[in-house]
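Here is a short tour of some packing and pairing in this model. Have the sequence and the 3D view open as you read.

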Amino acid sequence: MSSGVHAALVPGGVIGNGRYRLLAKSGADARSNAELWRARDGQLNRDVALTVLLGDLADNAAAARARRTVERAMHAASFTHPGVSRVIDVLTPGTGIRPDEGILGMVVAEWTQGTDLMDLIAEGPLPAGAATRLLEPLGAAIEGAHHAGLVLGADHPQRIRVTSDGRLRLAFPGPRPDAIARDDVKGLGAILYLLLTGRWALPGGPNGVPVAPTGPDGTVVAPNALHPYLPHELSSVAVRSLEDTSVGGIRTSAAILQVLNQIAAEEAETSLIQAVSPRDRDDDDEVVWTTQRPRQDKQQKKKLWISVGVLAAATLAVIVWLSVQIVGFFSDEPSKGGGPTVVIGQTGSNGQSAPPPAPAGPVQPGQIGVYDVTNQPDNQNQASRAVDNNANTFWRTDNYFQQFPALKPGIGLMASFAEPVRLASITITSPSEKTHVQIRVASALDSPLEETKIIGEGDLSNGQTQIQLSEHEPTGHVLIWITQLTNTGAGNNRSEIREILYTRAQ
């Protein structure tokens, strides 16, 4: 018997052999054919949370699945944690449920005072700090259950409620029969994604809740791509918790908890700092994480100005490069020691005269951009500052609470040249002492990291650091790849590059 034709499953209806009067429906989990209800226990005179598993008793497969869910809930009854509602009882047909009720099983749990999670996000996504504080108790409950060898089934938003003291709690226990610990971790990531974006990122979500957008490769779009004010690390944790890949995916709740705790600590620290007025700031593009969502019109204006700035920087770079080429062409005057050296009769492999080799010295890239294998580049609009011949401007990574490769293998700046060059050295001006960089050559802008070749590496000092490069074939693309950030204290890691000088080989 389906829930759609079950006469008793309405407010005021009585189920469970006449013991439980239904008060209000909290939701439904279609994956388990389950309905979630607040009910009144007539015998003990208290409110309870019911996970009601519906189906036809003659359907052996459905009955077996319901029986397995009830068994798993019964095993979890011994686990107590503030992040999980305590299981009071489990019922099956013949033991608390009449065979004619159309109910295959029922999990009875203590009622969680507060509000539904879906009501909390009805007016829009939450600030990062609020999301972390809400989610941490649920994450701790999942971690504790997994250590006890249990699966909670915290992978559906309507099973979660917000307590009156501001904690997320699994209010309707009863994991699916085939659920594993990995599903709890994915559920935790999906709930974080929901809090940050108002969208659900797993299959089988509630009706009426927007589905998380996906990119061309089918992966879920990061929350900070939808809301740029969100911290990169929190955004990355949300999407990486959803990934099933062995490389890059987060597979334990402990890893999520670590980031949640660090974000919460950062929020507590920054909340004590007074806001800085715009005239006092030395970098008008630095990201400042706040618990307040910016107004949409300000965000649109900021995006417009960033777009204009990127276009202007790219145009200026092209003009500078053309000017250098033109000036160099007309300024090759004879030296005092005699006339210019002229190469006569030098031919290439095709029999045609080859151009003379370019002189050693600085060479300016035609363009530069942020290279990021996770498709979440840090401060892309600042990349051109690293080659603008102005040491007062800079490109900076986001702030990371964990060193690479915890959340990504690294990040870098990819320079492209108008023609292939062979470099002798690269000089980096930076205040980020102990940042470790690798110099890599690539065949294209989007070359996979494993297809690039290391030609030099070293640790940056506070000031100028020159890195000598090994012999290599002329290349049109050079990557400065950061594998270790500078620890700036209090668990913060980030690096800054003020200027890059590329020196051509003889």
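In what order do the four strands of the open sheet come? The order is 11-23-15-18, and the pairing is antiparallel. Before going on, note that this is a predicted model, where local features need pLDDT of at least 70, side-chain atom pairs count only at pLDDT 80 or more, and totals for chains, interfaces and linings use all residues. Residues are numbered from 1 along each chain as its sequence is written, and side-chain values use heavy atoms, with hydrogens and water left out.

**Two sheets**

Strands here are DSSP runs of E with at least two residues, and helices are runs of H or I with at least four, numbered from the N terminus. Two strands pair if DSSP finds at least two bridges between them.

| Strand pair | Bridges | A bridge partner pair |
|---|---|---|
| Strand 11 and strand 23 (residues 499-504) | two, antiparallel | Pro362 and Thr503 |
| Strand 8 and strand 9 (residues 160-163) | three, antiparallel | Gly114 and Thr163 |

**A helix pair**

Helix 4 (residues 181-197) packs against helix 6 (residues 232-242) at an angle of about 140 degrees, and their axes are 8 Å apart. Axes are lines fitted to C-alpha atoms, for helices over the stretch in contact, and angles run from 0 to 180 degrees between N-to-C directions.

Contact means heavy atoms within 4.5 Å. Among the residues that meet are Val185, Ala190 and Leu196 in helix 4, and Leu234, Val237 and Leu242 in helix 6. The contact divides into 10 nonpolar, two polar and three charged residues.

**Salt bridges**

Count a side-chain nitrogen of Lys or Arg within 4 Å of a carboxyl oxygen of Asp or Glu as a salt bridge, and you get 19 of them. One is Arg19 with Asp41, whose closest N and O atoms are 2.9 Å apart. This pair links distant parts of the chain, 22 residues apart: Arg19 is in the loop between strand 1 (14-15) and strand 2 (20-29), while Asp41 is in strand 3 (residues 34-41).

Terms used
Nonpolar A, V, L, I, M, F, W, Y, C, P; charged D, E, K, R; others polar.
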